[in-house]
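Try each task on the structure first, then read on.

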Amino acid sequence: MQAWQVHENGEPSEVMRLEEVERPVPGEGQVLLKVRAANINFPDALLCKGQYQVRPELPFTPGVEVCAETEDGRRVIATPALPHGGLAEYVLADARALLPAPDALDDAETAALHIGYQTGWFGLHQRARIRDGETLLVHAAAGGVGSAAVQLGKAAGARVIGVVGGPEKAKVAQELGCDVVIDRRSEDVIAAVKEATGGRGADVVYDPVGGEAYAQSAKTVAFEGRIVVVGFASGTIPSPALNHALVKNYSIMGLHWGLYAAKNPALIPHCHEQLTELAARGAIKPLVSERVGLTAAAAAVQRVADGVTTGRVVVVPGLDARTEGAAA
């Protein structure tokens with residue numbers, strides 16, 4: 001089978017190689033799955049660089065989220081068992097952790113539903129306990145993680161303010177349903193949030209960026225507001241001033257979705273049921289901006305690493321065969 005292999009750490013476009021390898025052999029409790037679509041996540045880039053909290057032994061295949069097919073033909077969602085990641089034709093996964101693919105979503109949309117939307121659901125509902133009528137501020141609102149939070153916030157009845165970088169991403173955020181869109185490149189984020197909220201600030205702030213975005217979060221969070229920290233796409237991990245949290249009465253909440261698999265695994269299928277129901281009634285739909293073939297995966301991971309994409313970029317192995325057939 002074909003699979004992208006990383007033999008040394010570095011920039012994805014430099015270290016990922018498409019190779020012919022043997023199909024992985026399932027271990028105890030594992031199943032072999034045929035990949036129908038693999039969603040690219042920022043952690044895939046970090047894995048290539050050796051900067052993720054999980055560091056698989058070299059060589060490994062990136063790809064932490066797939067829509068795949070079982071031997072009996074069922075469409076499922078799976079998180080591949082590294083080092084056999086999803087940017088390949090076949091993967092291994094924990095048989096007990098498979099989730100049914102929603103009928104309302106195609107393969108690429110299904111591949112983009114799991115990690116980003118579960119992170120958003122846990123962050124907004126399990127951690128922040130967002131309520132109908134509250135104001136939600138989402139950083140990087142046009143990105144893969146941010147776009148999921150925007151849709152989930154709207155589904156929860158929140159007024160959503162999206163912060164983006166550039167006019168193209170501002171248009172995407174508007175189409176996603178943001179009530180207010182702020183372009184951080186041309187506007188003062190802090191002043192714009194205060195104006196949009198009558199000086200009160202946001203009840204919940206969803207921050208997958210860190211760095212300067214977190215500093216803006218602390219200055220725009222409302223009394224008894226909640227800042228949910230879900231990542232550091234900026235590359236800068238902030239050091240919160242706890243005296244500031246004390247005098248303003250707000251909470252700083254961390255959200256590491258992967259911990260729930262070990263600490264409270266029953267919540268993951270429960271969350272999936274909620275997401276499936278939301279997808280069935282059209283309240284959420286992963287924003288897939290690009291579908292690329294397996295041969296284009298390394299370039300796609302690099303674009304995600306560089307922060308130039310909107311929504312989700314999904315690798316669909318079958319696209320290569322269809323493209324070759326059309327060319328012939």
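**Exercise 1.** Find how many helices and strands the secondary structure of the chain has.

*Solution.* The chain has 13 helices and 15 strands. Helices (H or I, at least four residues) and strands (E, at least two) are DSSP runs, numbered from the N terminus. The model is predicted: local features need pLDDT of at least 70, side-chain atom pairs count only at pLDDT 80 or more, and totals for chains, interfaces and linings use all residues. Residues are numbered from 1 along each chain as its sequence is written, and side-chain values use heavy atoms, leaving out hydrogens and water.

**Exercise 2.** Work out the strand order in the open sheet of six strands, and which strands stand at its edges.

*Solution.* Step one: the order reads β10-β9-β8-β11-β12-β13, with parallel pairing; two strands pair if DSSP finds at least two bridges between them. Step two: β10 (180–183) and β13 (251–254) each have a single partner strand, so one side of each lacks a neighbour in the sheet.

**Exercise 3.** Look at strands β8 and β9: over how many bridges do they pair?

*Solution.* First, β8 (residues 135–139) and β9 (residues 159–164) pair in the parallel sense over five bridges.

**Exercise 4.** Compare 20 Å, the chain's radius of gyration, with that of a compact globule.

*Solution.* The radius is taken over C-alpha atoms, and the globule rule is 2.2 Å times the number of residues to the power 0.38. For 328 residues a compact globule would come near 20 Å, so the chain's 20 Å agrees. The C-alpha trace spans about 60 × 40 × 40 Å along its principal axes.
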